Amino acid sequence: MAINYNLAKVYELSDNDPEFVLQIITLFVTEVPDDMKQIEIGIENKDHKLAYSYAHKIKPTLDLLGMTVAFEEILQLETWTKREGKRKEIEDTFKSIQNQVEKAVKEIKKDFEI
């Protein structure tokens with residue numbers, strides 16, 4: 001099974017402080033799935049501002065957790081919101097991000113027993 005996240009940046013940033021690492025990943029598993037729901041609502045309701053604000057919020061976390069594909073895709077989503085694109089243009093990208101977030105959440109919960 002492919003690993004969906006990489007904590008190298010988190011460890012580097014935290015100076016290998018396990019408590020800090022746990023804080024970051026706890027934040028990820030508790031907040032990012034809810035933020036993704038807000039993005040989905042934004043996409044469904046053509047509320048580009050809502051989708052943008054939550055995409056912008058989770059962007060640094062995806063980068064920090066080494067989720068490079070999801071990070072690239074969230075950038076695409078941000079661009080889409082700025083030009084107020086049509087829903088069907090972004091659905092596949094959103095599903096891909098959602099999929100990666102769900103897998104990473106599952107793995108992190110298992111790996112860190114949270």
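This is a predicted model: local features need pLDDT of at least 70, side-chain atom pairs count only at pLDDT 80 or more; totals for chains, interfaces and linings use all residues.
1. Helix H3 covers residues 48-64, which is 17 residues. From its first C-alpha to its last it reaches 25 Å, close to the 24 Å expected at 1.5 Å a residue. The helix has a kink of about 30° at Ile58, and this kink lies shortly before the proline Pro60.

2. Ile58, where H3 kinks, is also one of the buried residues of this helix. After H3 comes Gly66, with a positive phi near 65°.

3. Helix H4 (68-82) has 15 residues, which should span 21 Å at 1.5 Å a residue. Its end C-alpha atoms are 21 Å apart, in agreement with that expectation.

4. Which residues of H4 are buried? They are Ala70, Phe71, Glu73, Ile74, Leu77, Glu78, Trp80 and Thr81. Cover for the buried residues of H4 comes from elements including H2, H3 and H5.

5. H4 packs against H5 at an angle of about 150°, and the two axes are 9 Å apart. Because angles over 145 degrees count as roughly antiparallel, H4 and H5 are roughly antiparallel to each other. The crossing of H4 past H5 is left-handed. On the H4 side, the contact is made by Val69, Ala70, Glu73, Ile74, Gln76, Leu77 and Trp80. On the H5 side, it is made by Arg87, Glu89, Ile90, Thr93, Phe94, Ser96, Ile97 and Gln100. Among the H4 contact residues, Ala70, Glu73, Ile74, Leu77 and Trp80 are buried.

6. Most residues other than glycine have a negative phi. Glu84 is not a glycine, yet its phi is positive, about 50°. This residue comes just after H4, in the loop between helix H4 (68-82) and helix H5 (87-112). Is Glu84 buried or exposed? Glu84 is exposed, with a relative accessible area of 53%.

7. Asp15 also has a positive phi without being a glycine, with a value of about 60°. Its place is the loop between helix H1 (8-14) and helix H2 (18-44). Asp15 has a relative accessible area of 69% and is therefore exposed, the cut-off for exposed being over 50%.

Conventions:
Residues are numbered from 1 along each chain as its sequence is written. Side-chain values use heavy atoms; hydrogens and water are left out. Helices (H or I, at least four residues) and strands (E, at least two) are DSSP runs, numbered from the N terminus. Buried means under 20% relative accessible area, exposed over 50%, partly exposed in between (1.4 Å probe, protein chains only). The expected span of a helix is 1.5 Å times one less than its number of residues. The bend at a residue is the angle between axes fitted to the seven residues ending there and the seven starting there. Axes are lines fitted to C-alpha atoms, for helices over the stretch in contact, and angles run from 0 to 180 degrees between N-to-C directions. Angles under 35 degrees count as roughly parallel, over 145 as roughly antiparallel, 65 to 115 as roughly perpendicular and the rest as oblique. A crossing is left-handed if the near helix is turned anticlockwise from the far one by less than a right angle, and right-handed if clockwise. Contact means heavy atoms within 4.5 Å.
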